[in-house]
Amino acid sequence: KLTLAELLRNPHQLEESLACMSFMIDRDGDFMMLPAGDTELCEGDEILLCGTRYAETLLRATMNNPYTLNYLVSCEDAPRGYVFQWLARRRQSKTVE
């Protein structure tokens, strides 16, 4: 599950939002005007936003990077790449023992 507030979080400062505002969400022809931050997003939602170019750049990067998107939702930086995932699993199995 992903909320609008999580999507619009600044990946560099999690306690801050991007410099943009959501005006509308189009969900299969149903329009939500000025949606709240706790609105859960669904696949296929179209969001009308207004903001800075920098916010657009960060939002595009977030939407094209599953690691960043997961980080915004969970606030945990998941290991990337095979070696780092293996090390994380190994470290985790030692703490379970």
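## Asp 26 and its surroundings

Two residues are in contact when they have heavy atoms within 4.5 Å of each other. In this predicted model, if you set aside neighbours within four places in sequence, Asp 26 is in contact with Phe 31, Gly 44, Asp 45 and Glu 46. Asp 26 itself belongs to strand E3, which covers residues 20–27.

What about the charge on Asp 26? This residue is buried but has no salt bridge. Arg 27 carries the nearest side chain of opposite charge, and that is 8.2 Å away. The Asp 26 side chain does reach a backbone group, though: the nitrogen of Gly 29, at 2.9 Å.

## The chain as a whole

Stepping back, the chain has four helices and five strands. Reading from the N terminus, the order is α-β-β-β-β-β-α-α-α.

Of the 97 residues in the chain, 23% are buried. As for how the chain meets itself, take the contacts between residues at least 6 apart in sequence: 52% of them join residues at least 24 apart.

Mean pLDDT for the chain is 87, and 89% of the residues get to 70 or more. Strand E4 (residues 30–33) has the highest mean among the elements, at 97, while helix H4 (residues 82–96) has the lowest, at 72.

Technical notes:
Residues numbered from 1 in each chain as written. Predicted model: local features only at pLDDT ≥ 70, side-chain atom pairs only at ≥ 80, totals over all residues. Heavy atoms only, no water. Helix = DSSP H or I, 4+ residues; strand = E, 2+ residues; numbered from the N terminus. Buried < 20%, exposed > 50% of the residue type's maximum accessible area, 1.4 Å probe, protein only. Lys, Arg positive; Asp, Glu negative; His and termini not counted. Salt bridge = Lys/Arg side-chain N within 4 Å of Asp/Glu carboxyl O. Polar contact = N/O pair within 3.5 Å; in protein donor to acceptor, adjacent residues only side chain to side chain. pLDDT = per-residue confidence, 0-100.
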